[in-house]
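Here is a short tour for anyone new to reading structures. Have a look at the picture, then follow along below.

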Amino acid sequence: METFKILQNYFQQLPIELKFVWILSFILTVFAIIFTVYLKILRISLRKKEALTIKYQKEYEDLLLSFLFEEIENNELSNKQNQFIKKIENEINNNFKREIIVETLLKLKNEVSGEIETAIQDIYLKSNLKEHAYKQLKSKKWDKVANGIKEFTKFKVKEAYPEIKKLIKYPKKEVRKEVELYLVSLFHFEGLEFLNDLKISLSEWDQIELLEELQKLDNQEIPDITVWLNSKNDSVVSFSLKLAKIYNKYETVETLLKLLDHKNQKIRLQVIDVLTHLQVLDAKDILKNSFKKRSQEEKIAIFKMFENICELSDEDFIVENTTNSNFEIQYLAIKMLKEINEKAFNYLLKSQNKFKNKELLKFVQNN
Amino acid sequence: MNTTTLNTIIQIIHYLFFSYAFLAIFSYVVLSIISAFETIDYFKKNSFVNYKKILSSNIAPSISIIAPAYNESLNIVENVRSLLSNHYANYDVIIVNDGSKDNSLELLIKAYDLVKINYLINPQLKTQPLRKGVFKSTNPAFEKLIVVDKENGGKADALNMGLNISNSKYVACIDVDCLLLEDALQKMVKPFLEVTDKKVVATGGVIRIANNSIIKEGKLMEVNLPNKLIERAQILEYLRSFLLGRMAWSRLNGLLVISGAFGMFHKKIAIEIGGYDTSTVGEDMEIIVRMRRHLEEQKVNYKVAYIPDPLCWTEAPDNYKTFVSQRNRWTRGTIEVLRKHRKLAFNPNYRNLGLLSYPYWLIFERLAPVVEVIGIIYFGILLALREVKWDYALAFFILAYLFTTLLSLGAIYSEELTYHQYKKKGTGFKLILISLLEPFVLHPFVLYAAVRGNLDYFFNKKKKWGEMTRKGMGNINK
């Protein structure tokens, strides 16, 4: 008590700035103690959560597996399925348990196929899990909306289409991406219709995800992609160029040749790449004639294209570029010259004094 | 000089010190708050990312991992194996043996069935010449591996050789002694592919300390807290720096440094600006500053991204001698880079770079140890003159200590809520304890190294990298 009074008196006679410093120190001390205690509690709760997750995962997995396999042997699934559904209906009101149930169902669904996969799908559809996902679609939080869509995609719930389609212009790109994946995963190439009036850019990452999803499909009829190739949205053009390359869309060559004059260099480069892949000989003269006005990257891409399809008739064009200031173009030109006309190449070797990079000539000669 | 004038001068000095400390504290608080928002946002967004698709995609962009090696025979074979086991479809690994005096090359040749090949190098960047040449494996299992043996030219020179050799769109430059997690490339390449409104030119990764952790066959099996105080304190320092500092700078698009131990670049831009600067020991910071400066001058809308996931694990110094040598180099690197690019300072033409990032680095990174040393000297003078007001000194000392501790606790809290790497019972207490001790067991050495770094920069120009003695990642748990 005496010490407290001394401290109180000392504090009262302090100048204002020192009072401020001590008050701040006191607040920071309180924060530090709270932080320390909270860290302890947090670590304990994280450990508990991890243990509980493992416990529930195992419990649901065992339960689900026993139900599913009994069905095949005894054909009694529907009763047991109902029991199981009732059990999970009671548990899904708890967010933590619901997440584990969904994860378990998905995990098993990805590991099996045929009747068992359909049975897992049925459990999802007949339980309240589906309704929960519908509720998430109406949430004001973007991550919940995205989560709801993701669930419908994984469990292939086609009847959610009208609700999900409304979200295609959602402000948050993560939600839009989930909508796109839902459309493509469930409706395949038909799902790509959203590209028709897409105003926002489709990132390279999104494009890869969509293409990977499409490439899982067998025997799909690939729609006409000309509309997308002519889209005003460059990302849609880029995506359709990837489709043209992957699915060898020879019928788009005419449109592709027009795209060689696209305003976006990235698109022009991609077009050259697709033309290279499709080995379109008609493109050669167009590219040779416009070579000088094209960017360095395009010129390199053109030479990479010629690498596979060059002929003796291209010799003048190739010789002209054996002294190109760009290393890659020069190398490809010399290499091609050696391939199409060894004599001309040997002549080049004799006049090698005009070459700065003699290593390059030597390399082509020896390889 | 009369007493009144002297008192006025002393008052002014006090207010200058106070203002500096206040601004520093304020900036740390603001950065921590921004960081918290950015971390939450990152985690929410990342929960919807399916990395498996990029992993198997044949249209995923190509990446070259470039790893310079100098006298790394102790664990080079293991480390290369770790680099070759990354989960990504389209990548290769370029090991640049930078004139090693040990048997690193022979070990690699033997372990990976390497043979010398004819390889045409595009000499876009000037480097030291090849020594024994370029090697590839005859074993298809190691077809992704390219080993280049060249004359010694330093880390930057070796990285430039890697840039010349690479045929990929992106390059991941790493220290060969680092351990990359299997999903590192997928995660690091993501910002390049997902940002549509800006051009992403580089991505920085988090570096974590692997001392005492269990590593088997190039894989991290168990994360442990090291035993020595110096190692533990560095863990805390890294958590603060990566989880609180860089996360916030990433949000502000103001990152000035991507750790040399692990960063990914758009190769074309790295070459366009002339690659790594071989004349500085801070080449990792320098290339980012130069890249940003170049893009600002070109009026390009760009971004330097940052991935907070613990993807790269390294060995931290476990003794004060090595630690001081490392920090001395970091200090010299910072001074060199800031001096070289002094044109940026407070220059509105460089927007955030000139008005925010550069001034911050200059004032709170470059000048902080200088101000601290001046403060200590000033305190000594006051002591000698018996002018110390002990009630003030004690109050401010306690406040500074509490703030530092609280910031460290904040970093630990952030780590627990996000990655929770130190799971073992008791480590929480040890981390809290080190946050109380760090100002005494690490900070004085950081300050000493910074002073040495300044002195070496101004008075010992010949000093370059200095030695970093390593135990080897496979052995650091022993």
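Let's start with one residue of chain A: Phe67(A) counts as buried, because its relative accessibility is 13% and buried means under 20% relative accessible area, exposed over 50% and partly exposed in between (1.4 Å probe, protein chains only). You'll find Phe67(A) in helix 2 (residues 16-74) of chain A; helices (H or I, at least four residues) and strands (E, at least two) are DSSP runs, numbered from the N terminus. From Phe67(A) to Trp228(A) is 161 residues in sequence and 47 Å in space, C-alpha to C-alpha.

Some ground rules before going on. This is a predicted model, in which local features need pLDDT of at least 70 and side-chain atom pairs count only at pLDDT 80 or more, while totals for chains, interfaces and linings use all residues. Residues are numbered from 1 along each chain as its sequence is written, chains are lettered from A and ligands numbered from 1 in the order in which they are written, and side-chain values use heavy atoms, with hydrogens and water left out.

**Helices side by side**

Now for some helix pairs in chain A. Axes are lines fitted to C-alpha atoms, for helices over the stretch in contact, and angles run from 0 to 180 degrees between N-to-C directions.

| Helix pair | Angle | Axis distance |
|---|---|---|
| Helix 7 (residues 142-154) of chain A and helix 9 (residues 173-187) of chain A | about 10 degrees | 9 Å |
| Helix 14 (residues 265-278) of chain A and helix 16 (residues 296-309) of chain A | about 5 degrees | 9 Å |
| Helix 18 (residues 327-340) of chain A and helix 19 (residues 342-350) of chain A | about 130 degrees | 5 Å |

How do you read those angles? Under 35 degrees counts as roughly parallel, over 145 as roughly antiparallel, 65 to 115 as roughly perpendicular and the rest as oblique. Helix 14 of chain A is therefore roughly parallel to helix 16 of chain A. Residues making that contact (heavy atoms within 4.5 Å) include Arg268(A) and Leu269(A) of helix 14 of chain A, and Ala301(A) and Met305(A) of helix 16 of chain A.

Helix 7 of chain A and helix 9 of chain A are roughly parallel to each other too. Among the residues in contact there are Trp142(A) and Phe152(A) from helix 7 of chain A, with Tyr182(A) and Leu186(A) from helix 9 of chain A. Helix 18 of chain A and helix 19 of chain A, on the other hand, are oblique to each other. Here the contact includes Ile334(A) and Leu337(A) of helix 18 of chain A, plus Phe345(A) and Leu348(A) of helix 19 of chain A.

**Rings that meet**

Trp205(A) is buried, as its relative accessible area is 3%, and Tyr51(B) is buried at 12%.

Another edge-to-face pair joins Tyr457(B) and Phe458(B), 4.8 Å centre to centre with 90 degrees between the planes. Tyr457(B) is buried at 11% relative accessible area, whereas Phe458(B) is partly exposed at 37%.

Back in chain A, Phe291(A), Phe303(A), Phe306(A) and Phe317(A) form one aromatic cluster. The charged end of Lys299(A) sits over the ring of Phe291(A), 5.5 Å from its centre; that label needs NZ of Lys or CZ of Arg within 6 Å of the ring centre and within 35 degrees of the ring normal. Lys389(B) does likewise over the ring of Tyr392(B), with its charged end 5.8 Å from the centre.

**Two residues of chain B**

Is Asp157(B) buried or exposed? With a relative accessible area of 5%, Asp157(B) is buried. It lies in helix 5 (residues 155-165) of chain B. The side chain of Asp157(B) makes a polar contact with the side chain of Lys150(B) at 2.5 Å. A polar contact is a pair of N or O atoms within 3.5 Å; within protein, one must be able to donate a hydrogen and the other to accept it, and residues adjacent in sequence count only if both atoms are side-chain atoms.

Lys136(B), in strand 4 (residues 130-137) of chain B, is partly exposed at 27% relative accessible area. Its side chain reaches the backbone oxygen of Glu143(B) at 3.3 Å.

How values were computed:
Phe/Tyr/Trp six-rings, centres within 6.5 Å; stacked < 30°, edge-to-face > 60°.
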